[in-house]
Number of protein chains: 2
Amino acid sequence: MFAVTILGNNSAIPTLDRHPTAQIVTCNDQLLLVDCGEGTQIQIAKYRIRRSKIRYIFISHLHGDHYFGLIGLLNTFSLMGRTEPLSVYAPPELQAILQLQLDAGGTQLKYELAFIPLTAGYSGVILEDKDLVVSCFPTQHRISCFGFSIEMQKRKRKLIPEQAKVYEIPAAYYSKLQEGADYLRKDGTLVKNDWVTLPPCKGKRYVYCADTLYDVSLLPWLSGADMIYHETTYLHELEARAAERFHSTTVQAASLAASAKAQRLLIGHFSSKYTDLQPFLEETRPIFPETYIAEEGTTYII
Amino acid sequence: MFAVTILGNNSAIPTLDRHPTAQIVTCNDQLLLVDCGEGTQIQIAKYRIRRSKIRYIFISHLHGDHYFGLIGLLNTFSLMGRTEPLSVYAPPELQAILQLQLDAGGTQLKYELAFIPLTAGYSGVILEDKDLVVSCFPTQHRISCFGFSIEMQKRKRKLIPEQAKVYEIPAAYYSKLQEGADYLRKDGTLVKNDWVTLPPCKGKRYVYCADTLYDVSLLPWLSGADMIYHETTYLHELEARAAERFHSTTVQAASLAASAKAQRLLIGHFSSKYTDLQPFLEETRPIFPETYIAEEGTTYII
C-alpha cells in the first residue's frame, strides 16, 4: 500500500471547509506526515488516521499554514502516552520555536523527538528506511522551502521462474527467493540467489512540490513520477499575482506534470478567494488529463 | 451589551466536537479574546465573530491548549489587511515565541502589535478603557497562570429626577446630565452636575479563572461577580487526580461560586475522557443552581 491522504488543501487563510496544508503518506504500515498546518491534529482524528503509526514528519517551509499545527500534535502525542520515537525534518529555525514552546509549558515529551535540520538549498536523500527513500529538493518560494520525493522501495526481488525450474527449486520456496535467500539442494550444492532472481524493480514515487514559483528546474525531480502534488494557488488569469507571491497557477502545474511525463497530478493550496474549485480542473485537464483536486479526507493510491 | 461567547470548552486534547479554550467577551462594540487554543481562528469564522473588532487578547498561561492558535490568528489578521492596533497580554515568554515565528516566516505584520507581559504572580489592573477595566490575578497551576476580571464600566451618571425638577432642568437635557454636563439656566446661574446626579453605579463583572487548583484565596476576586467562569476538568470522584494536575472538580467550582455569592457560574475545560457533560450539571447545581455548561458557539449575557 502506497497512498496519500489529504488533510488540508487550502492556502494561508483557512476557510470553514478547507484546511491548511497537511498530507499523510501511507507506505505499508508506516505513516509519514508532510506539512502540518493549524488544526492538523483535529483532521487526523476526523479522518481516523492511526496517529501512533506516524514515525516521520516533513515540514516544507516555515510559513504558518504549513507548520502551525505541529507543536499541538507533538504535545498531544505526549499526552496520549506515545513512547515510539519521532523524527521531524524541517528548516533549522523550527527547532528553537518548538523548544521554546515546550519549555514555556514545562513540557517534557514522553517520547524521543529527533530534529533533522534541512539547510537552505540542500538537495539529496534525507531518509532511507526498509520501505522507503525520501529525498528533499529546494523549491523557489519567498523563504527557504523544500519539496519531497518519496519513493517506496520494492523489497521483493523479481523471480525468474524458468531459472528456478532449471535448478529444481520447489515453488514453496519461491517467496524465500524473493526475499534474497540462496537455496541449498539435497545434493549439497548451493543455488545462489542472483542466479534465479533479478533485483527488485524500481518502486513507485510520489513527489510533493510544496509552495513554489513555476520552475522548470524542478523537472529532474518530477520526471517519471507516479504522482506529483503541485500547488495551484491561483487560476491562470492570476499568473502575474502568482509570480509576485512565489506561487503557481493551474496551467503552470499541468504543464510541468506533462513535461515530466508523470502518471498523475494532484493540485491544491487553493487561495481562499475561490469557493468553486471546478475551474481548476477545467484549466489543468486539457493540458494534463490525469489531474485531480486534492480533496480533504480522500486517499489517492500512488 | 456585555456577554461572553464560548469558542472552546475542552481541556488539553481536542476532540472532534470540543475545542481547546477560547472565549470572546463582547463589551458594547469591542471584543476581547480570552485564551486562544489551536483552531480558534476557525471557530471565530464558524461562529461569525466580527474578528476585526478584537482589540485585546488575554492569554492566561502557556499550556498549548490556551495559546497554540494565537500565532495563526495574528498571521491571518495581517493577511486580511488589518491595520488597527492589537494588544496581547500574556506571560513574558510568549513574546519571543511569537517573534521567532514571525521572523522564520519573513512576516511583517501590517498592524501594530503591542505585547504586555504579565509577570508571574502579578495582580492588579492591566487595562482601563472607556468601557471596561480588566484586572489579572494569579491562579495556582503547574506553571504561571492568570485569571482575568473584566468589569464593564457604566458610563452614564445616575439622574436624581426630583433634584432636576427643583432646578427646572428640561427633560430633553437629562441625557446630557447623565453624561456629566452642568446646566446653565436662563437667569445665568449654573447647576453643577453633581447637584442633580449620582456617580454611575458599579458595572457588571465577569471573572475568568483559567486553569486552577481549587483555591479559596481566589474568593476576593470572585466575590459578588455577575458571572464566573471556573474550570471543572474532572467530576467529583477524580478530586485526587484534579489536585495532582492542578485542576478542579465540579464540586469545588460550585462551592467557590456559592461562597462568592456570584450570580452565575459557567463551567468548562472538560477532560477529553468525558463524552457526556450532563453529570457536570448534576454535580454542580445542587451546590450552586445557577451553573451552566460553557457550550461552544453559545453566547451568555453577563
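At which residues does UniProt place the feature "binding site" (unreviewed entry) together with A:D211? The UniProt record lists A:D65, A:H66, A:D211 and A:H269. Although these positions are spread over 205 residues of sequence, they cluster in space, with a largest C-alpha distance of 10.7 Å. UniProt positions follow the numbering used here, feature names are shortened, and annotations may be inferred rather than shown by experiment.

The structure is a predicted model, in which local features need pLDDT of at least 70 and side-chain atom pairs count only at pLDDT 80 or more, while totals for chains, interfaces and linings use all residues. Residues are numbered from 1 along each chain as its sequence is written, chains are lettered from A and ligands numbered from 1 in the order in which they are written, and side-chain values use heavy atoms, with hydrogens and water left out.

View 1. A:H66 is found in the loop between strand 4 and helix 2 of chain A; helices (H or I, at least four residues) and strands (E, at least two) are DSSP runs, numbered from the N terminus. With a relative accessible area of 0%, A:H66 is buried (buried means under 20% relative accessible area, exposed over 50%, partly exposed in between; 1.4 Å probe, protein chains only). The side chain of A:H66 makes a polar contact with the side chain of A:D65 at 3.5 Å. A polar contact is a pair of N or O atoms within 3.5 Å; within protein, one must be able to donate a hydrogen and the other to accept it, and residues adjacent in sequence count only if both atoms are side-chain atoms.

**View 2. A second set of annotated positions.** UniProt also places the feature "binding site" (unreviewed entry) at A:H61, A:H63, A:H141 and A:D211. These residues span 151 residues in sequence, yet no two of their C-alpha atoms are more than 10.2 Å apart, so they gather at one spot. A:H63 lies in the loop between strand 4 (54-58) and helix 2 (70-79) of chain A, and counts as buried at 9% relative accessibility. Not counting residues up to four places away in sequence, A:H63 touches A:H141, A:R142, A:I143 and B:G105. The side chains of A:H63 and A:H61 make a polar contact (3.4 Å).

**View 3. Surroundings of A:D211.** A:D211 is placed in the loop between strand 14 (205-208) and helix 7 (219-222) of chain A. The relative accessible area of A:D211 is 2%, so this residue is buried. Apart from neighbours within four places in sequence, A:D211 is in contact with residues including A:H61, A:H66, A:H141, A:E231 and A:H269. The side chain of A:D211 also makes a polar contact with the side chain of A:H61 (3.4 Å).

**View 4. The interface of chain A and chain B.** The contact takes 33 residues from chain A and 33 residues from chain B. About 2600 Å² is buried between the two chains, of which carbon and sulfur atoms give 71%; buried area is the accessible area (1.4 Å probe) that two parts lose on being put together, summed over both. In chain A, A:E38, A:I42 and A:F68 lose the most area to chain B, together 23% of what that side buries. Between the chains there are zero salt bridges (a side-chain nitrogen of Lys or Arg within 4 Å of a carboxyl oxygen of Asp or Glu), and six residue pairs are in polar contact, both at pLDDT 80 or more. Helix 1 (40-46), helix 2 and helix 3 (93-104) of chain A are the elements that give two or more residues to the side touching chain B. Helix 3 of chain A gives the most, with six residues.

**View 5. B:T76 and its contacts.** B:T76 lies in helix 2 (residues 70-79) of chain B. This residue is buried, with a relative accessible area of 2%. Leaving aside neighbours within four places in sequence, B:T76 is in contact with A:I13, A:P14, B:Q41 and B:R51.

Note on methods: Contact means heavy atoms within 4.5 Å.
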